Amino acid sequence: MVQCHRGHPPKQPLSPGELISAGWRSAVKAGDPQAPPGGWQPYVTRAAGRPEPVGVPSQPLSPSSPWRPLRPSCRPRAAAAFSLAPPAAERDPLRSASSSASSPRPPNQRPCLAGFPACMAAAAAAASGSLSPSPDVASASSAALFRLRHLRLGLELRPEARALAGCLVLELCALRADRRRALVLDAHPALRVASVAFRACPAGEEEENQQEEDREACRRRCGFVFPSAGPGPGPAAPPSELSAAVLGPFADVPPAPEAPPPPLPAFPDAADACPLVFRVDPFTDYGSSLTVFLPASLEPHQPFQVVVRYTTTDAPAIWWLDPELTYGISKPFVFTQGHSVCNRSFFPCFDTPAVKCSYSAVVKAPAGMQVLMSATQSTYKEQEGVYEFYMEYPVPAYLVALVAGDLVPADIGPRSRVWAEPCLLETAINKLSGRVERWLSAAESLYGPYIWGRYDIVFLPPSFPIVAMENPCLTFIISSILESDEFLIIDVIHEVAHSWFGNAVTNATWEEMWLSEGLATYAQRRITTETYGAAFTCLETAFRLDALHRQMKLLGEDNPVSKLQVKLEPGVNPSNLMNLFTYEKGYCFVYYLSQLCGDPARFDAFLRAYIEKYKFTSVVAQDLLDSFLAFFPELKEQCIDSKTGLEFERWLNATGPPLAEPDLSQGSSLTSPVETLFSLWTTEPLDVAAASSCVDITKWQTFQTVLFLDRLLDGSPLPHEVISKLSECYSAQLDGMNAEIRIRWLQIIVRNDYYPDLHKVRLFLENQMSRMYTIPLYEDLCTGPLKPFALEVFYQTQNQLHPNLRKTIQQILTQGLNPLLAIDTAVAAVADASAAGLEDKAPEAPSSAISLRDVNVSA
């Protein structure tokens, strides 16, 4: 049969290229009596640089063909099998010579491709058996069977279609002989593969004694061709008898021909490449697997290339922003976010942190869009209108990142610059000029040289789904954080620390993310201690540990996600494991190890040696702990790893809180005033005069204020007298503070149903487009009697939100409603909200909630 995504057959004969552009694919058996005339042939056009996908009929289909489409599908198929039935004389070579051409094929054999080498057909048939499972349960790839030497990307950004067209070139070699000869890559249903081809590397590329600089120079010249769209479809064919019978007097008016899809980027060096059979299968709800059948003649350790041409739309890794969602409101914007397993929707890959390689890329974008990538080198070729990038050091797939938009740069240090939209640039310069170099120098004094060359920062629009991302050479950070100096300092320093812990040395599986996040958090606090003092570090640590215990209260101490070594079940998205245990419990374990040494400087020396030993590799927890005991043999002799109650194994695999927490007494000068003020406001009977005159919070540091407000949140709902007096004393002062402070005060208003200040919640949401500030408020609003108010505000502001954020808020608003009635109920609730005068009259049932803010991971 033939499948058509559009659900209707063509009205007139189609050429092979038109058949593909119409969405038709083959799925027929060998010997099928309804096969198209001439059988199924591979259709490849190299002259135009556009190899069509295999599996198209060698002759056009007529409208009277018995091939009928399936019912239309509203989304991409999870699996597509490319099975071709050639003429009888060329059928499956795996059959015995005595088999009749009309004999049925055994169920475990696959048909071969007519015109393809027999070795490739044999490889495809052999690969029909099950493949070895990947050690990373979040990856479907066969990464353990291959060495990935380098990857090249040719990318064309198409903002109008919210699509990316790509050509991927993987440089590989098989590590051992395998009869199945199948390469499995991680992919995604949003990613449509057009063709896959094989190219044996030239003899010069196979020589092991070739100079490394020559290989690097070759990789830098990763030229791709970006063909311009053709002149459009040719004249339409004359109407057929069928169309004349149907259209009657209008038969002389041919239907408007459908425009062909834009051409895909091509890799000119692959002109002699041989097309390969490939298959896409479902894997999990966050990805699929792309199986490519390689030639059986491929020898172990023989370098070769696999060329994949594809398009991707609505990909989880790629965030397209209309101009209205940017600060400048003039040009489109796009960025990628690969962590943890999203980049498989950006390009097919070994999407596991266990695999690293260097990469190069050529990107074509519309005029006026500045393109940046996480690479050590970049150039812009004005004549060709393309950007070229080269990352010379091996990185995992999730750290390949791209951003493009109306971005302008400014130097803020000898090896750092900021990129931002023009209206934000001055603020970014003022906040960070001179600071980043200070932080880099402090980190180098602790952990050795910064190996990535440049450390640049790009500020992204509020739609960026997290706070910051440690892409090497180019940290992504949400622009909303520019409001708060102290949060900006902590978040950037945390990403600086990732340059050593996470980027240079990476956790080999997502089950041990603490190896990156826990160590980076420890390094971040060593850097802040060196640059801002121990008291500041202890204050920030107290704030985070408070959040950890709040999350533990929410999830329960026996929850398995509180382990450092979390067991990731198949099908579970690793991003679900991102929580404060990964950061703060991991930090506490690393801090405990540092205390065993007796001197933080000795532990810094160990971490320098650890980085040097495992640089550019991926590790497991045992690698870290074995290295620790080898570096401190006296601790090994004391069997410190088996100390009762503090066993290393228990640290890793016990649920619940950290087995030990750091001494934060050095921060008492900053934390004690917070504790005193909180006690005054929550002790009964309330002494308003003492509480209101105790301290001037306008002179506090941001972390002192948010620590105080977080503890009030923990105690909410508060007595009405307390919340009203808090508002009287602090509401006007808090209005002028940064968003990290204001959102906490607004959450207190919502959790206490304090209607006199509810208008401030509306004003805040009307001016916020950031996930980190909108989601917590909507979650709090929807757990109590203020849900109609939330619905009203959302429907007034939804057009200013990114579609992904809008969808998330809609899910929060409709939670618990019948899906069929959700929209009607929401509209009715808005009307009820307006009629009820919510800002003046309080409903009867107060409620308390624990919102996303309690479990939010900031960096």
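Select arginine 417 to begin: at 23% relative accessibility, this residue counts as partly exposed, because the value falls between the cut-offs for buried (under 20% relative accessible area) and exposed (over 50%), found with a 1.4 Å probe on protein chains only. The model is predicted, so local features need pLDDT of at least 70 and side-chain atom pairs count only at pLDDT 80 or more, while totals for chains, interfaces and linings use all residues. Residues are numbered from 1 along each chain as its sequence is written, and side-chain values use heavy atoms, with hydrogens and water left out.

Aspartate 411 forms a salt bridge with arginine 417, with the closest N and O atoms 3.3 Å apart; the term denotes a side-chain nitrogen of Lys or Arg within 4 Å of a carboxyl oxygen of Asp or Glu. Aspartate 411 is exposed, at a relative accessible area of 55%.

Next, select arginine 152 and glutamate 171, whose side chains meet in a salt bridge (2.6 Å, N to O). Arginine 152 belongs to strand S6 (residues 146-158) and glutamate 171 to strand S7 (residues 163-174), so the pair ties together parts that are 19 residues apart in sequence. Strands (E, at least two residues) and helices (H or I, at least four) are DSSP runs, numbered from the N terminus. Are these two partners buried or exposed? Arginine 152 is buried at 2% relative accessibility, and glutamate 171 is buried at 3%. In the whole structure, a search finds 30 salt bridges.

Move to leucine 425, in helix H6 (residues 422-432). Leucine 425 is buried, with a relative accessible area of 14%. Which residues does leucine 425 touch, not counting residues up to four places away in sequence? They are Val408, Pro409, Ala410, Val418 and Ala420, where contact means heavy atoms within 4.5 Å.

Finally, display helix H7 (residues 435-447) and helix H8 (residues 485-498), which pack at an angle of about 45° with their axes 10 Å apart. Axes are lines fitted to C-alpha atoms, for helices over the stretch in contact, and angles run from 0 to 180 degrees between N-to-C directions. H7 is therefore oblique to H8, given that angles under 35 degrees count as roughly parallel, over 145 as roughly antiparallel, 65 to 115 as roughly perpendicular and the rest as oblique. To see the contact, select Arg435, Trp439, Leu440 and Ala443 of H7 together with Ile489, Val492, Ile493 and Val496 of H8.
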